Amino acid sequence: MGIVGRLTEKSWLTPGLDPLTEAEAQGHRPLPSAAVGLRLYFGVATVMFLLIAMIFVMRMGGHGVSTGQQPDWKPLSWPQLLWFNTAVLVLSSAAWEWARAARRRGQLESLRAGLVAAGVLALGFVAGQLIVWRQLVDAGCGITATTMSAFFYLITGLHGLHVLGGLTVWGRTTAKALGGGAAAQVATAVDLCALYWHFLLLVWLAMFGLLLMNADRMTAVIR
Amino acid sequence: MAYTTIADDTRPLHHAKTWVGKYVWSQDHKVIALQYSGTAIAVGVVALVLSDIMRLQLGFPDTFKFITPSSYLQYMTMHGMIMVIYLLTALLLGGFGNYLIPLMIGARDMVFPFVNMLSYWVYLLAVLVLMASFFVPGGPTGAGWTLYPPQAILEGTPGRDWGIILMLVSLAIFIVAFTMGGLNYVTTVLQARTRGMTLMRMPCTIWGILVATILGLLAFPALFVGAVMMMLDRVLGTSFFMPSLVSMGQQTGYNGGSPILFQHLFWFFGHPEVYIVALPAFGIVSDLISCHARKNIFGYRMMVWAIVVIGVLSLFVWAHHMYVSGMNPYFGFFFATSTLVIAVPTAIKVYNWLLTLWRGDIHLRVPMLFAIGFIFTFIHGGLTGLFLGNVSVDVPLSDTFFVVGHFHMVMGVSPILVIFGAIYHWYPKITGRMWNATLGKIHFWITFLGVYAIYLPMHYLGFLGVPRRYYALGETAFIPPSAHVANEVITVAALIVGVTQLVFFYNMIWSFFKGPEAGGNPWGATSLEWQTPQTPPAHGNWGPKLPVVYRWAYDYSVPGAPEDFIPQNVPPDRVTT
């Protein structure tokens with residue numbers, strides 16, 4: 001009986017032990033609560049980033065901008081460091097997968113190495129993003145320079161905050177894993193951290209793509 | 001779907017050992033619920049006082065010198081924002097959600113108790129930041145609870161210097177708190193239902209809170225994005241919402257922004273927000289009516305599906321708040337259609353409540369009075385909403401007192417009546433004591449009749465064209481002297497209703513210390529929260545063994561049963577003894 005069957009059943013007609021939940025009781029292990037909670041959070045964060053992406057696309061298409069606005073531009077080139085930062089984030093996700101595999105095989109040393117690598121690489125990503133910000137500001141492209149720059153700082157800022165949030169959980173997970181926490185908990189924590197990292201990578205790739213498609217607009221807001 | 005309690009959680013339930021750990025930094029959902037409720041009600045009283053000050057100005061202009069045009073707008077803004085978000089949302093989801101969800105589904109606590117505790121303290125921080133805006137230079141923002149740019153952050157709007165910043169920061173903090181709480185409520189309902197508690201055996205209260213929470217998780221990000229963008233516009237000078245502008249004779253640095261974008265973001269949040277407030281109220285009312293009429297809720301499956309459908313549809317109607325924004329008329333046509341469609345499942349719910357009452361064994365206890373009061377006022381407010389949902393009727397009524405009357409009826413009166421009914425209903429479970437019925441009835445009748453005296457005349461004022469958000473009406477040809485008399489009547493009624501709430505507080509506080517013991521299940525209710533071994537429920541709720549559920553939540557007046565109710569945890573073979 002699928003979800004639709006479940007939601008259309010006439011619950012007043014069937015008092016007694018519910019046979020389906022009894023059958024489930026002998027069966028599979030349900031998804032851990034933390035995994036359900038994290039997936040719900042993905043929904044929330046997706047809505048937020050999706051809204052920003054939609055606004056960005058529409059604004060760069062000139063939608064909603066009143067007529068008679070003055071164009072402004074500053075000569076600028078695409079910050080090449082962003083490519084490097086993207087690669088660092090990909091490596092960070094890969095490190096998480098390495099850590100997960102090590103945990104599954106019971107290799108504590110590899111798990112430790114994977115965890116440390118994942119965290120250090122993510123920190124490197126955040127540092128790299130801050131350097132990009134510094135580079136842009138020094139080149140005269142602060143947050144108020146153009147419409148594109150405002151969105152750039154907003155998008156990278158919100159994404160970076162999410163990475164920092166993940167790093168705090170990474171800290172606790174690493175402490176738990178290396179301090180000899182309960183095996184089931186460590187497994188869940190490492191798996192969920194990895195999932196979160198992959199989610200943030202996907203978000204970054206999507207945002208990066210959007211920014212890249214409008215790279216020429218770093219120099220102008222309205223043509 | 002999981003059915004056992006926190007089956008995957010191998011850690012034992014967190015047991016606090018110190019008084020501070022038990023009652024301050026508590027991870028027990030019941031304590032957190034009371035913390036939420038207390039804070040929400042306290043800040044709601046502040047907003048009530050603000051509304052009475054506004055009414056003093058509207059009813060008796062030129063009388064109260066301390067109310068200036070700027071301060072009027074500030075009181076109006078704070079009243080609206082506090083009531084909608086910091087009172088109604090926090091109380092219904094943070095207060096009732098936290099208290100009732102684990103108890104009604106047979107769990108020991110929420111699945112993330114630490115995050116639950118954190119969500120309250122972050123909510124409190126949001127409240128404190130907002131209250132701080134009363135004390136900063138320039139005072140709180142006077143931009144209206146809708147905070148429309150560009151005015152919200154320009155000179156000329158009160159609170160432009162600091163108030164608006166604190167408001168936006170407070171909202172962002174609240175959204176973080178709400179997200180933490182919301183993840184708890186949804187995950188707990190999905191994961192921690194006790195054995196036998198299938199989704200369709202859950203009481204309507206849980207369905208209402210569940211769908212409202214999911215809606216909130218989807219809608220609040222839009223407000224978050226809007227608040228962050230407006231903060232950047234105000235503090236750093238970006239132009240997300242700000243077009244090229246001259247302000248106070250000076251060209252501002254803004255360029256290229258869109259005020260309409262904010263309106264879309266705000267109302268994409270704002271419309272689901274009203275259903276985030278309404279859906280828990282719908283669910284609670286279903287349980288109040290069925291319990292006090294000793295009758296199963298009529299059409300339980302339709303009630304559940306109506307809640308879900310209303311939740312989904314509420315994401316597609318937001319621009320009915322924007323008919324006068326200059327939008328394309330075809331836009332208006334689409335949103336008017338979806339708005340009228342959402343009235344259908346809502347009407348089904350109203351019919352089902354009435355059909356539950358029909359030929360029920362109705363006990364006109366105080367909770368039932370408030371539930372019936374809800375039906376009256378919600379029908380009233382909902383019907384005026386149908387007027388406003390039509391574009392051509394909305395255009396002349398927009399920003400008049402007709403709108404004010406409408407949204408107060410559906411948001412300010414109906415859910416508040418449900419909240420009162422719910423507090424009276426669950427008070428014996430929370431405190432173990434019973435309140436004074438006479439005081440309760442006095443509270444109900446004055447409040448119920450009083451709110452009609454307040455809001456009914458507002459609809460006529462709206463038809464005349466009396467605008468909202470005006471400090472004073474001045475001398476105009478289209479506003480007759482009778483409108484000023486109406487304003488005076490409304491003000492007097494509002495003051496009386498405001499003062500009458502003291503009866504409620506007195507009753508609740510006095511009964512807490514001196515009320516008679518209520519017993520575990522004074523109403524003879526079927527749902528699980530009334531079947532706890534101890535009243536008030538102890539930490540862990542159920543004692544050593546979790547309850548097992550054998551039936552739905554509405555076995556009232558079952559033919560052949562010895563009593564007129566069968567609790568959810570009574571097996572079929574034990575019914576006829």
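**Close-up 1. Pro536(B) sits in the segment after helix 14 (481-514) of chain B.** Keep in mind for this view and the others that we're looking at a predicted model. What is the peptide bond from Thr535(B) to Pro536(B), cis or trans? It's cis, and its omega comes out near -5°.

**Close-up 2. Asn541(B) is another residue to look at in the segment after helix 14 of chain B.** Asn541(B) isn't a glycine, yet its phi is positive, at about 70°.

**Close-up 3. Arg469(B) is found in the loop between helix 13 (437-464) and helix 14 of chain B.** Here's a non-glycine residue with a positive phi, this one about 60°. Around Arg469(B) there are 14 other C-beta atoms within 10 Å. Exposed would take 12 or fewer and buried 20 or more, so Arg469(B) ends up partly exposed.

**Close-up 4. A cis peptide bond links Pro149(B) to Pro150(B).** The omega of this proline-proline bond is near 0°. And where is Pro150(B)? Look in the loop that runs between helix 4 (113-132) and helix 5 of chain B.

**Close-up 5. Val285(B) and Phe370(B) touch the most other members of the largest nonpolar core.** That core has 226 residues. Its largest share comes from helix 3 (residues 69-105) of chain B, which puts in 24 residues. Zooming in on Val285(B), and leaving aside residues up to four places away in sequence, we find it touching Trp353(B), Ala371(B), Phe374(B) and Val418(B). As general background, nonpolar side chains in soluble globular proteins tend to be buried together.

**Close-up 6. Chain B meets chain A through 47 residues of chain B and 41 residues of chain A.** Which elements give two or more residues to the chain B side? They are helix 5 (163-191), helix 6 (204-235) and helix 7 (259-292) of chain B. Helix 6 of chain B gives the most, with 7 residues. Sorted by class, the side of chain B that touches chain A has 27 nonpolar residues, along with 14 polar and 6 charged ones.

Note on methods:
Residues numbered from 1 in each chain as written. Chains lettered and ligands numbered in written order. Predicted model: local features only at pLDDT ≥ 70, side-chain atom pairs only at ≥ 80, totals over all residues. Contact = placed C-beta atoms within 7 Å. Helix = DSSP H or I, 4+ residues; strand = E, 2+ residues; numbered from the N terminus. Nonpolar A, V, L, I, M, F, W, Y, C, P; charged D, E, K, R; others polar. Core = buried A, V, L, I, M, F, W, Y, C linked by C-beta atoms within 7 Å.
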